[in-house]
Amino acid sequence: MNETINLLQNHSSVRKFENKPIPESHIDVIFKAANQVSSFSLLQVVSIIRITDTNLRQEIMEISGHQPYINEAPEFWIFCSDFNRNHQIAPEIDISYADFLEIGSVDVGLMAQNAMVAAESLGLGGVYIGGVRINIEKLTELLALPKHVVPLVGLCIGYPEEEKAPIKPRLPKDIVMHNNQYEPFSVEDIEEYDEKMKSYYKNRPIKAPFSTRTVKGWSEHINEHLARSYDPNMLEYLNNQGYIKK
Ligand SMILES: Cc1cc2nc3c(=O)[nH]c(=O)nc-3n(C[C@H](O)[C@H](O)[C@H](O)COP(=O)(O)O)c2cc1C
């Protein structure tokens, strides 16, 4: 196994950080690795807002589900889909087509993951923060985001305070990888995975506020999360930012 594969296969999110800054030279290395990512047609539609102001960080923590690691991580970056630059260069192009947000979302995900992997390769750890979308309008105001810029995900980075958590089991290959055409999954495979997750959580109970239960199978997790993982006003917000009108 080479070092890269080892790193990727041993990923687990880090939510407790040492109170120790990351050297600026490391920040540059992580940024460069992130920024060299592939980009759809080289549109380069990602902006990273690096939150260094402690008061602003506190405000963002409060509107993003009160997740303490947003404050505690030495670095907190917010990845945005940004068509503002492209729009200024080509103002005649209508970027309100849904396709453009898809393009921006893919570019954001890829760049954020390059940052995560680069950070992990330097002995750092991190966790994504989808919670930044909980109060997306307020966040947009706090970050002074112009039209055509939307925050999609945050990333906390820092030195892990404790031994990294054991890796969380994922769905098996038979369910995730399909041959040539979509293949229905087997209920037995899901049940088997549910049991795997239950034994994982027995050793590492889920903490509040993420769940009311400390141990649960994946199917129960999906039922709990799907019910609260969406914002019914998101379309209106995206329209106001100039996205997804057609
Ligand atoms: C887009 C995205 C948003 C996420 N948002 C949060 C979040 O707001 N808070 C959090 O604690 N973890 C968040 N996570 C981390 C996931 O919970 C975590 O990756 C998943 O449970 C698998 O665990 P692992 O990364 O340790 O393998 C997010 C992950 C992704 C990819």
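With a relative accessible area of 54%, Arg170 counts as exposed (exposed means over 50%, buried under 20% and partly exposed in between, using a 1.4 Å probe and protein chains only). The model is a predicted one, so to speak of local features a pLDDT of at least 70 is needed, side-chain atom pairs count only at pLDDT 80 or more, and totals for chains, interfaces and linings use all residues. Residues are numbered from 1 along each chain as its sequence is written, and side-chain values use heavy atoms, with hydrogens and water left out.

Back to Arg170: it sits in the loop between strand E4 (149–158) and helix H8 (173–176). Helices (H or I, at least four residues) and strands (E, at least two) are DSSP runs, numbered from the N terminus. Arg170 also belongs to a patch of positive charge on the surface, together with Arg15, Lys16, Lys168 and Lys207. A patch here takes residues with over 30% relative accessible area and no salt bridge, joining like charges within 9 Å, and nonpolar side chains (Val, Leu, Ile, Met, Phe, Trp, Tyr) within 5 Å. The areas come from the Shrake-Rupley method with a 1.4 Å probe, and for residues only the protein chains shown count as cover. A salt bridge would be a side-chain nitrogen of Lys or Arg within 4 Å of a carboxyl oxygen of Asp or Glu.

There is a negative surface patch as well, made up of Glu18, Glu72, Glu161 and Glu162. Of these, Glu72 is part of helix H4 (residues 69–72), and it counts as partly exposed because its relative accessibility is 41%.

On to the backbone. Most residues other than glycine have a negative phi. Ser41, though not a glycine, has a positive phi near 50°; it lies in the loop between helix H2 (24–35) and strand E1 (46–50), and its 58% relative accessibility makes it exposed. Ile244 is another non-glycine residue with a positive phi, this one about 45°. Ile244 turns up in the segment after helix H11 (234–240) and is partly exposed, at 24% relative accessible area.

As for cysteines, searching the whole structure gives 0 disulfides, a disulfide being a pair of cysteine sulfur atoms within 2.5 Å.

Definitions and conventions: Lys, Arg positive; Asp, Glu negative; His and termini not counted. Charge placed at Lys NZ, Arg CZ, Asp CG, Glu CD.
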